[in-house]
Amino acid sequence: MNIAIELPDSYAILQDLNSIQKELLLFYALMLFKQGRVSLSKAATISNLDIYDFMKECKKNLIPVIEISKEELLQELEGF
């Protein structure tokens, strides 16, 4: 699917079209993942990154990749 958006010329001058496209895809994927609308692997696919690079981007943007409470983690660790 192609989506066309209008960007102010002042923004478009700062980056080339390819960089803008990559950035928009990444931020869209991060938003969808943060909202729980897509899985980690689907968000990585949307952003055209492998899952490990997408996880690094999540960390940079303070988006937790694993949602687990301290109590749940301790219970898991007791099993080892």
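**Exercise 1. State where L62 lies, and decide from its accessibility whether L62 is buried or exposed.**

Solution. L62 lies in the loop between α4 and α5 (70-78), and this position belongs to a predicted model. The next step is the backbone, where L62 has a positive phi of about 55° although it is not a glycine. Most residues other than glycine have a negative phi. For the last step, the cut-off for exposed is over 50% relative accessible area, and because L62 has 75% relative accessibility, it counts as exposed.

**Exercise 2. Carry out the analysis for N48: where is its place, and is N48 buried or exposed?**

Solution. The place of N48 is in the loop between α3 and α4. Its phi is positive, about 60°, although N48 is not a glycine. With 61% relative accessibility, N48 therefore counts as exposed.

**Exercise 3. Describe helix α2, from its start to the residue that follows it.**

Solution. Begin with the start of α2, where a side-chain oxygen of D16 reaches to within 3.1 Å of the backbone nitrogen of N18. The helix itself covers residues 17-34, and its 18 residues reach 26 Å from the first C-alpha to the last, close to the 26 Å expected. Among its buried residues are I20, L26 and F33, and what covers the buried residues of α2 includes α1 (9-12), α3 (40-46) and α4 (51-60). Finally, α2 is followed by G36, whose phi is positive, near 75°.

**Exercise 4. Find which element gives the most to the lining of the largest pocket.**

Solution. The largest pocket has a volume of about 570 Å³, and 14 residues line it. Helix α2 gives the most to this lining, with six residues.

Methods:
Residues numbered from 1 in each chain as written. Predicted model: local features only at pLDDT ≥ 70, side-chain atom pairs only at ≥ 80, totals over all residues. Heavy atoms only, no water. Helix = DSSP H or I, 4+ residues; strand = E, 2+ residues; numbered from the N terminus. Expected span 1.5 Å × (residues − 1). Buried < 20%, exposed > 50% of the residue type's maximum accessible area, 1.4 Å probe, protein only. Contact = heavy atoms within 4.5 Å. Polar contact = N/O pair within 3.5 Å; in protein donor to acceptor, adjacent residues only side chain to side chain. 1 Å grid on protein atoms, 1.4 Å probe; cavity = no way out; pocket = protein on both sides within 12 Å on 5 of 7 lines; lining within 4 Å. Points joined across faces, edges and corners; volume = space filled by probe spheres on them.
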